[in-house]
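This report describes a predicted model, with attention to its charged pairs, its helix packing and its surface. Please consult the sequence and the structure shown here while reading.

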Amino acid sequence: MNLPVRPVVAEEQLRYARVLEWGARIGLAAAVLAFALYLAGILPGRVPLQDLPTLWSLPLADYLQRSATPVGWEWIRLAMHGDFASIVGIAVLSSVSVACLAAVLPIYIRRSDRVYAILCVLAIGVLVLAASGVLVVRH
């Protein structure tokens with residue numbers, strides 16, 4: 001009987017996949033849990049739940065003004081409010097790629113694979129810079 005041959009998977013691919021899997025699970029669980037706590041009233045929101053359908057139909061500028069919603073990273077101060085707690089999970093999800101790159105970087109450094117190590121550092125730098133809000137395009 002011939003057993004199927006398992007493909008050889010590189011160490012960095014396995015590590016990247018493992019970090020991606022756990023980061024996605026944690027981020028999704030945090031977002032769902034926070035939203036459930038908001039809907040259950042355990043985490044009270046800054047905006048009453050019954051007002052959301054009306055506010056969601058507004059243009060963004062009007063929504064931000066009427067809901068007194070901060071822009072940029074100021075949401076972090078409000079993360080304990082139910083209507084902002086889900087953003088923590090979304091932030092985890094959006095930062096998983098940085099964690100994955102940071103996880104494989106030591107492998108490339110240990111192997112003296114300078115090209116991949118430099119690419120990882122550059123990609124991490126671009127992602128962090130983009131998330132920082134330093135480069136903002138105003139309309």
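## Salt bridges

Glu 11 forms a salt bridge with Arg 110, with 2.7 Å between the closest N and O atoms; the term denotes a side-chain nitrogen of Lys or Arg within 4 Å of a carboxyl oxygen of Asp or Glu. Because Glu 11 belongs to helix α1 and Arg 110 to helix α4, the pair ties together parts that are 99 residues apart in sequence. Helices are DSSP runs of H or I with at least four residues, numbered from the N terminus. Glu 11 is partly exposed at 33% relative accessibility, whereas Arg 110 is exposed at 54%. On this scale, buried means under 20% relative accessible area, exposed over 50%, and partly exposed in between (1.4 Å probe, protein chains only).

Glu 11 also forms a salt bridge with Arg 111, the closest N and O atoms being 3.7 Å apart. Here helix α1 is linked to the loop between α4 and α5, 100 residues apart. The structure holds six salt bridges. One of them joins Arg 25 and Glu 21 at 2.7 Å, N to O; both residues lie in helix α1, four residues apart, about one turn of the helix. Shared partners join Glu 11, Glu 12, Arg 15, Arg 110 and Arg 111 into one network of salt bridges.

## Basis of the model

The model is predicted: local features need pLDDT of at least 70, side-chain atom pairs count only at pLDDT 80 or more, and totals for chains, interfaces and linings use all residues. Residues are numbered from 1 along each chain as its sequence is written, and side-chain values use heavy atoms, with hydrogens and water left out.

## Packing of α1 and α4

The axes of helix α1 (residues 11-39) and helix α4 (residues 82-110) come within 8 Å and cross at roughly 170 degrees. Axes are lines fitted to C-alpha atoms, for helices over the stretch in contact, and angles run from 0 to 180 degrees between N-to-C directions. The crossing angle makes α1 roughly antiparallel to α4, a description used for angles over 145 degrees.

## Loops and exposed positions

Ala 68, in the loop between α3 (60-67) and α4, has a positive phi of about 55 degrees although it is not a glycine. Ser 112 lies in the loop between α4 and α5, and its phi is also positive, near 60 degrees.

Leu 33 lies in helix α1 and is exposed, with a relative accessible area of 52%.

Definitions and conventions. Helices (H or I, at least four residues) and strands (E, at least two) are DSSP runs, numbered from the N terminus. Angles under 35 degrees count as roughly parallel, over 145 as roughly antiparallel, 65 to 115 as roughly perpendicular and the rest as oblique.
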